[in-house]
Amino acid sequence: MKNSREIMEILEAYDLTGSYRAAAELAGCDHHTVARYVQMREAGERPVARQHRARPIDEYLAKIEERVTNSRGKIRADIVHRRITAMGFTGGDRTTRRAVSDVKAALRAGQRRVYRPWIAEPGLWMQWDWGEGPKIGGRRTSLWCVWLSWSRFRVVIPVFDKTLPTIVACLDATLRRIGGVPTYALTDNEKTVTATHIANIAVRNPDIVEVGRHYGMTIRTCLPADPESKGGSEATVRIAKADLVPTDANLLDQYATFGQLEAACRQFCDDVNDRVHRETRRKPAEMLLEERARLHRLPKEPFTVAFGTTRRVCWDATISVEGVRYSVPHKLIDTRVWARFHGDELIVTSVAEAGPAEVARHPRSTPGNPVIADEHYPPRENKENDRRPRANSAEEAAFLALGPGATSWLVEAGAAGARRVKPKMAEAVALAKLHSAADVDRALGSAAIAGRFAENDLIRILTYQAGLESIEPTRASEEHSLQPGTSAWSKFGLADEKDEN
């Protein structure tokens, strides 16, 4: 068999000489070879195409095709070689492998799915899928991943479960983020969307059908085991997991709080939507502005039937469910929320301008055992200031104006249960007119430290301080006791003995 270069040389020699024998002498081949290639060219055939030559395995090709077809291309070449050898084939296993490979290639070409490319239209299709998220305090999360097929705009929302109320909340939040409702939403065949398949026909979950009617959107599902119909959403899941899920590559630990994961998802969406897409060569955020003109109007009220029963948040930031008090964030006081049980957990959902969102999740409790979360209440700022005295009258203001010693005296006197506190406060104000206010305040501070709140104690301390620059009150300690000693009794009776002598 001549190669293409030799065949072209033969044809050039014939065109030059016009004779088979002369061309054969120039090309260095037989004149019958020149004649065959010239006749093939005249007949419109390709001279460089290889002609099939009869092979010993040709009579067994029908059996090989039968075996390959019945096994749907799964049979191995050594099994085929063993079968045809038993039937009389004397060739080698290499020949069999080549024949089996050709038959399998022809089978795949005949079964290959051929379809025209899907060209997405603006405002028509939205796809969503789920991805495994990172852990929050050891608890697994899921990533709700959405993309608009035309603009490639992506939305990722972290959640704790895949229940129907969670899907509704994520769907509403997504639609409000993109600013409208597309005509179709495509997703996988989960039980929350597709109840079952009958004769390869998907039977929709009636609840998800009601959700679609509320938003004016048709929810469709992908064909089973058909990656072509859900490749876009799967790509979004893959990109989101690569950026958000902790791996050895990005060196992230599991997120400490759910808020940190939400912030990370929001930052991820901002990054990918503000980056030029390799297919459209445009930023998805810019294309979304054009696609919004083709989106349907979003209902003002979200679909809240799936969120559970409504509850009014009391003044103490709690709701009552089955006789048990559960706390919610204090910012929701005097608002309406939705509560539902999912397994052994109570899930509380609130609907705001940005859409519904989960605001609290508690373990199920019993009456008499309220569930209160500290993070739902604001921390008290400067608690010490709440305990400081506040004047409610002119007399109290005049006493507290003496200084910090007066404040300390009032606090300690109240704790000690002193009697006639108000007359003693008036006495201190009167003494401040005779003595300086600083001296009276210092005396009050010393009295507070020593715990002296009896009558005339303040006057005694002022009198004592008048002759001293500073006064340090005597305190009981391990080395010194305030109990009077017995040294005065050491001379008892000695005076009488001297008088007798």
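**Exercise 1: Helix 4 and helix 6**

In this predicted model, the axes of helix 4 (residues 61–70) and helix 6 (residues 93–111) come within 10 Å and cross at roughly 55°. Classify this crossing, and state which residues of helix 4 and helix 6 meet.

*Solution.* 
1. An angle from 65 to 115 degrees would count as roughly perpendicular, and one under 35 degrees as roughly parallel. The crossing angle here is roughly 55°, which makes helix 4 oblique to helix 6.
2. The handedness of the crossing of helix 4 and helix 6 is right-handed.
3. On the side of helix 4, the residues are Leu61, Ile64, Glu65 and Val68; they meet Ala99, Val100, Val103, Lys104 and Leu107 in helix 6.
4. Sorted by class, the residues in this contact of helix 4 with helix 6 comprise 7 nonpolar, no polar and 2 charged.

**Exercise 2: Helix 5**

Determine which residues of helix 5 (residues 77–86) are buried, and what they pack against.

*Solution.* 
1. The buried residues in helix 5 are Ala77, Ile79, Val80, His81 and Ile84.
2. These buried residues pack against helix 4 and helix 6, the pair treated in Exercise 1.
3. Just after helix 5 comes Gly88, with a positive phi of about 120°.

**Exercise 3: Helix 2 and helix 3**

Describe how helix 2 (residues 20–27) and helix 3 (residues 31–42) cross.

*Solution.* 
1. Two packed helices are described by the angle between their axes and the distance between the axes.
2. For helix 2 and helix 3, the axes come within 8 Å, and the crossing angle is roughly 110°. Helix 2 is therefore roughly perpendicular to helix 3.
3. Helix 2 contributes Tyr20, Arg21, Ala23 and Ala24 to the contact, while helix 3 contributes His31, Val34, Ala35, Val38 and Gln39.
4. The classes in the contact of helix 2 with helix 3 are 6 nonpolar, 2 polar and 1 charged.

**Exercise 4: Asp161**

Is Asp161 buried or exposed, and which side chains make polar contacts with its side chain?

*Solution.* 
1. Asp161 lies in the loop between strand 3 (154–159) and helix 7 (164–178).
2. Buried means under 20% relative accessible area. Asp161 has 8% relative accessibility and therefore counts as buried.
3. The side chain of Asp161 makes a polar contact of 2.4 Å with the side chain of Thr166, and one of 2.8 Å with the side chain of Arg361.
4. Leaving aside residues up to four places away in sequence, Asp161 touches Trp130, Thr166, His342, Ile347 and Arg361.

Terms used
Residues are numbered from 1 along each chain as its sequence is written. This is a predicted model: local features need pLDDT of at least 70, side-chain atom pairs count only at pLDDT 80 or more; totals for chains, interfaces and linings use all residues. Side-chain values use heavy atoms; hydrogens and water are left out. Axes are lines fitted to C-alpha atoms, for helices over the stretch in contact, and angles run from 0 to 180 degrees between N-to-C directions. Helices (H or I, at least four residues) and strands (E, at least two) are DSSP runs, numbered from the N terminus. Angles under 35 degrees count as roughly parallel, over 145 as roughly antiparallel, 65 to 115 as roughly perpendicular and the rest as oblique. A crossing is left-handed if the near helix is turned anticlockwise from the far one by less than a right angle, and right-handed if clockwise. Contact means heavy atoms within 4.5 Å. Ala, Val, Leu, Ile, Met, Phe, Trp, Tyr, Cys and Pro count as nonpolar, Asp, Glu, Lys and Arg as charged, and the others, Gly among them, as polar. Buried means under 20% relative accessible area, exposed over 50%, partly exposed in between (1.4 Å probe, protein chains only). A polar contact is a pair of N or O atoms within 3.5 Å; within protein, one must be able to donate a hydrogen and the other to accept it, and residues adjacent in sequence count only if both atoms are side-chain atoms.
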